[in-house]
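Please keep the sequence and the model in view while reading.

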Amino acid sequence: MSHVELAVAAPAEAEETVVAVLAACGTTGSWIPEPGEVRGYFRAPARDLEHRFEAAWRETTGVPNPFPVRVGPVTPEDWLARWRAAVRPVRAGRLWIAPPGAVVEAGEGERVVRIEPGLGFGTGDHPTTRALLTWIDGAGPFGRVLDVGTGSGVLALAALARGARAALGLDPDALALDNAARNRALNGRTGSFKLVRGSLDALVPAPYFDLLVANLDGPALDRLLPEMALRLAPGGRCGIAGCLKGERDWVLGRAEESRLELLDERDDPDPTADGAWWSGWFARR
Ligand code: SAH
């Protein structure tokens with residue numbers, strides 16, 4: 001499906017207003033490719049877009065829009081291509097997460113995991129992914145790894161790069177699994193990284209894992225933690241992320257009931273909201 005793009009040349013202090021006005025016009029998404037420009041996307045045909053933007057601007061602010069506006073066609077592939085081009089290598093401990101082809105000057109003992117930016121979440125730059133990468137790097141190597149909500153496969157591939165024997169990635173999202181499979185091949189892990197569509201209930205009874213990681217959200221973790229804990233081998237480690245700081249206490253309560261002992265925790269600011277992320281690292285009691 002093709003889209004129409006409306007680009008507004010607005011300074012940083014006006015970005016929030018532009019995003020709000022784009023939302024009022026019914027944008028399917030907006031982003032800021034670089035400081036000084038905000039773009040909103042609309043399903044084609046988006047007739048009279050400039051006029052609608054102008055009217056919504058007046059409605060929101062009470063004054064005429066002072067910034068230059070440009071309207072033009074765009075296809076969804078363009079967004080993905082632009083976003084891909086903007087992804088840079090990131091580092092967590094001795095692990096690098098980098099798109100294919102990006103030059104990484106990895107030091108002694110450092111490992112590079114290649115992640116093709118795609119429809120699976122997890123190019124390594126999100127604070128929740130980084131929290132778990134840092135623990136995976138610091139505490140490994142692990143034997144068997146279970147990655148609940150694998151997305152791009154980044155956490156499982158990082159554990160394998162740090163010496164894990166085998167990893168299993170679960171995700172209910174078929175597009176994420178496609179991306180994870182591509183990344184598995186990119187990193188030469190076809191034999192050691194299994195991907196299964198679904199969540200914990202897609203697992204056959206039995207196997208225990210030495211490392212469990214789950215970057216989900218507070219309610220999903222609250223629901224899944226007891227069962228995750230049952231899958232953890234004695235002495236195994238479990239890392240969770242994706243909770244908000246305000247959810248810490250009740251997620252910790254659930255972990256406690258599930259016989260998970262807190263070893264480490266961290267808060268990371270969420271630059272897109274006022275709150276903060278909370279991540280926890282546990283051992284099976
Ligand atoms: N592990 C990656 C991706 C996290 S995004 C990283 O840390 O960067 C969360 C992923 O969990 C998404 O791909 C989503 O499809 C998946 N997911 C959502 N709910 C789930 C559930 N109940 N069980 C398993 N996976 C789930």
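Is D267 buried, partly exposed or exposed? With a relative accessibility of 39%, D267 counts as partly exposed (buried means under 20% relative accessible area, exposed over 50%, partly exposed in between, with a 1.4 Å probe and protein chains only).

## Basis of the model

This is a predicted model, in which local features need pLDDT of at least 70 and side-chain atom pairs count only at pLDDT 80 or more, while totals for chains, interfaces and linings use all residues. Residues are numbered from 1 along each chain as its sequence is written, and side-chain values use heavy atoms, with hydrogens and water left out.

## Salt bridges

The structure holds 15 salt bridges (a side-chain nitrogen of Lys or Arg within 4 Å of a carboxyl oxygen of Asp or Glu). One of them joins K245 to D267, with the closest N and O atoms 3.4 Å apart. K245 lies in the loop between β12 (232-244) and α8, and D267 in strand β13 (residues 260-269), so the pair ties together parts that are 22 residues apart in sequence. Helices (H or I, at least four residues) and strands (E, at least two) are DSSP runs, numbered from the N terminus. K245 is partly exposed, at 43% relative accessibility.

The closest N and O atoms of R248 and E265 are 2.7 Å apart.

## Two packed helices

Helix α7 (residues 218-230) packs against helix α8 (residues 248-257) at an angle of about 10°, and their axes are 9 Å apart. Axes are lines fitted to C-alpha atoms, for helices over the stretch in contact, and angles run from 0 to 180 degrees between N-to-C directions. The two helices are thus roughly parallel (angles under 35 degrees count as roughly parallel, over 145 as roughly antiparallel, 65 to 115 as roughly perpendicular and the rest as oblique).

P226 lies in helix α7 and is partly exposed, with a relative accessible area of 33%. Leaving aside its neighbours within four places in sequence, P226 is in contact with R254 and S258 (contact means heavy atoms within 4.5 Å).

## An open sheet

Strands β5, β6 and β7 form an open sheet in the order β5-β6-β7, with mixed pairing (two strands pair if DSSP finds at least two bridges between them). β5 (90-92) and β7 (111-114) stand at the edges, each with a single partner strand, so one side of each has no neighbour in the sheet.
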